[in-house]
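I set out here what I looked up in this structure, in the order in which I took up each point. I began with one local detail and then turned to the chain as a whole.

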Amino acid sequence: MSNDSTARIVARLREWIATAAPGARLPSTRSLVAEYQASPVTVQKALRALAGQGLIESRPGVGTFVRAVRSARPADYGWQTAALGTPRAPLRAVSTAMRSAPNDVIAFHSGYPDRELLPERLVRAALTRAARGDAALSRPPAAGMPELQSWFAHELRSATPAGVTPPTPGDVIVLPGSQSGLSSVFRALVGSGQPLLVESPTYWGAILAAAQAGVRVVPVPSGPGGPDPQELARAFDETGARLFYAQPNYANPTGAQWPARVAEQVLDVVRAHGAFLVEDDWAHDFGITTEATPVAARDDSGHVVYLRSLTKSVSPAIRVAAVIARGPARERILADRGAESMYVSGVLQAAALDVVTQPAWHTHLRGLRHQLQGRRDLLVSSLREHAPLAHVAHVPTGGLNLWARLPDGTDVGQLVRDCEAAGVIIAAGADWFPAEPAGPFIRLNYAGPNPGAFREGARILGQVLGQTAGR
Ligand SMILES: Cc1ncc(COP(=O)(O)O)c(C=O)c1O
C-alpha cells in the first residue's frame with residue numbers, strides 16, 4: 001500500500017482523536033482495515049505514526065487508546081507568575097470535605113449526605129416537571145422566582161415570635177448555593193481590608209470566602225454553648241468590626257446549637273455595636289432531637305443577614321439557597337449578586353420549589369431525622385467502643401458531623417495519612433480554624449455512605465490512633 005494511504009488514515013484518525021475523550025478506545029485494526037479499505041500493514045503503519053506523535057498508545061492484548069496526556073512538550077506558564085504577582089489571599093487547597101472518594105474506602109470526611117438520605121423520587125419528578133414547564137426557557141427575576149422567595153420568607157416567618165415583624169418575600173434573594181452568598185455578603189457588607197468576626201472553629205468555606213474577599217478574619221472562640229457574648233463584645237470593641245459570621249444551629253464542624261439565652265445575648269451585643277450577625281442556617285433541615293431555631297426570626301431591625309441552603313437537604317445537584325436581609329444591606333448584596341451571576345437558573349429554582357412544597361417533603365424530613373439519629377448514635381457508640389482516644393465531648397442535637405478531640409500532641413496530619421492508607425478517610429480539624437488550631441481535632445461525618453461500615457471504620461481509627469499516640 002502507498003504512503004498516501006497511510007497519510008490519509010493518519011489524517012482521518014487525527015480528526016477522530018481530536019474529538020475523542022482521553023483514554024477512548026480506537027476501533028480494532030480489523031474494523032479500520034474495513035473502514036479505510038486498506039491493508040492491515042498500512043493500518044499498522046498509520047497507528048505507529050500516531051503513537052510516534054504521542055496521540056495514542058497501544059496496550060498489547062487489550063487495544064489501542066487515545067493518550068491521556070497528548071503533549072510531550074512540558075507546559076511553561078512561568079510568565080503568569082510575573083503577570084499575576086503574589087496572591088492576595090494565601091492559596092488554600094480545597095478542603096478535605098470536598099474530596100471524592102473511591103467506593104472501597106470508609107468515608108467519614110465528606111461534607112455531604114449520602115444519596116440514601118436525599119428525597120430522590122421527589123427530586124427526579126421535580127426536575128422532569130421543571131424541564132416541561134416555562135422555567136426551562138425563561139429568565140427568572142434577579143432576586144429569584146417570586147414563589148420561591150415567598151417560600152423562603154414563609155419558612156422564617158413561621159419561626160417568628162409574636163411582636164416581631166416577619167420578613168417579606170421582597171427581602172429574599174435566591175442564590176445558587178449559600179457559598180456564593182457568603183462571598184457576596186463579605187464583599188458587599190465588609191469589604192477588602194476590613195475585619196470580620198467569626199466563630200472559631202468555623203466552616204472552612206466561610207474562611208475561604210472571606211480570604212478571597214480580602215476580609216481580615218478575627219476568630220472568636222465558640223464551643224458547645226456558642227460564643228461567650230462578653231468575649232464577642234470585646235472583639236467588636238477591639239477591632240471595630242461590624243459583622244459577625246456564625247452558625248447558631250448545628251454548627252459545622254462542632255454540631256453546637258446555641259441556647260436561646262445565648263442567642264438573645266449575642267443579638268443584643270450585635271445591636272449595641274450597630275453591627276450585623278450573618279447567620280448561616282445551612283443545617284436547618286437536619287435537626288435530630290431539637291428543631292433549628294433561627295436567630296433571624298427574632299430580628300426585624302435588619303441586624304441579621306440570614307442564609308438558608310437547600311443544597312444538602314434537597315440535592316447537591318439542585319444547588320439553591322437564599323439570603324434574607326433588609327434595608328440597604330439587601331440592596332448591596334443584590335448588586336453584588338448581579339455583578340457575579342445576574343440570576344439563578346429557573347429550572348433549578350422551579351425544581352427546588354416543587355420538592356419543598358410536596359406533602360411528601362415533610363414525610364421525608366421526618367424519616368431523615370430518624371436516619372440521622374441512628375447514624376449519629378452508631379458512630380458515637382462505635383467510637384466509644386473502638387476509638388476511645390477520639391473524644392466526642394458534645395453529641396450534637398442535629399447536623400451531620402461529630403467533632404472529636406484527640407490526645408494532646410497527636411500528629412493529626414500523620415493520623416489522617418495512616419488512616420487513609422488503612423482505608424478510612426477522615427478530615428483534619430485544622431481546616432476549620434481561621435488561625436492556629438486550638439488543639440488536635442478531627443471531623444467525622446455520620447451522613448456518608450455505608451453506615452454498616454462505621455464500626456469497622458472506628459476500629460481502624462482506634463488502632464491507628466493508638467499507634468500514632470504511642471509514637
Ligand atoms: C456551614 C456551611 N455553610 C455553607 C455551606 C455551603 O452551602 P451551599 O452548598 O449551599 O453553597 C456549607 C457546605 O458545606 C456549610 O457547611
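Entry 1, a backbone angle. I worked from a predicted model throughout. I looked up the phi of Gly191, which is positive at about 95°.

I found helix 7 mostly covered, with 11 of its 13 residues buried. I listed the buried residues, among them Leu182, Val185, Phe186, Leu189 and Val190. The list also includes Gly181 and Ala188, together with Ser178, Ser180, Ser183 and Ser184.

I recorded 15 helices and 15 strands. Along the principal axes, the C-alpha atoms fill a box of roughly 90 × 60 × 55 Å. Of the 471 residues in the chain, 51% are buried. I then turned to contacts between residues at least 6 apart in sequence, and 76% of these join residues at least 24 apart.

I noted an accessible surface of about 21,600 Å² for the chain, with 54% of it belonging to carbon and sulfur atoms. I recorded 46 positive and 40 negative side chains. The centres of these two sets lie 8 Å apart.

Methods
Residues are numbered from 1 along each chain as its sequence is written. This is a predicted model: local features need pLDDT of at least 70, side-chain atom pairs count only at pLDDT 80 or more; totals for chains, interfaces and linings use all residues. Side-chain values use heavy atoms; hydrogens and water are left out. Helices (H or I, at least four residues) and strands (E, at least two) are DSSP runs, numbered from the N terminus. Buried means under 20% relative accessible area, exposed over 50%, partly exposed in between (1.4 Å probe, protein chains only). Contact means heavy atoms within 4.5 Å. Accessible areas come from the Shrake-Rupley method with a 1.4 Å probe; for residues, only the protein chains shown count as cover. Lys and Arg count as positive and Asp and Glu as negative; His and the chain ends are not counted. The place of a charge is taken as NZ of Lys, CZ of Arg, CG of Asp or CD of Glu.
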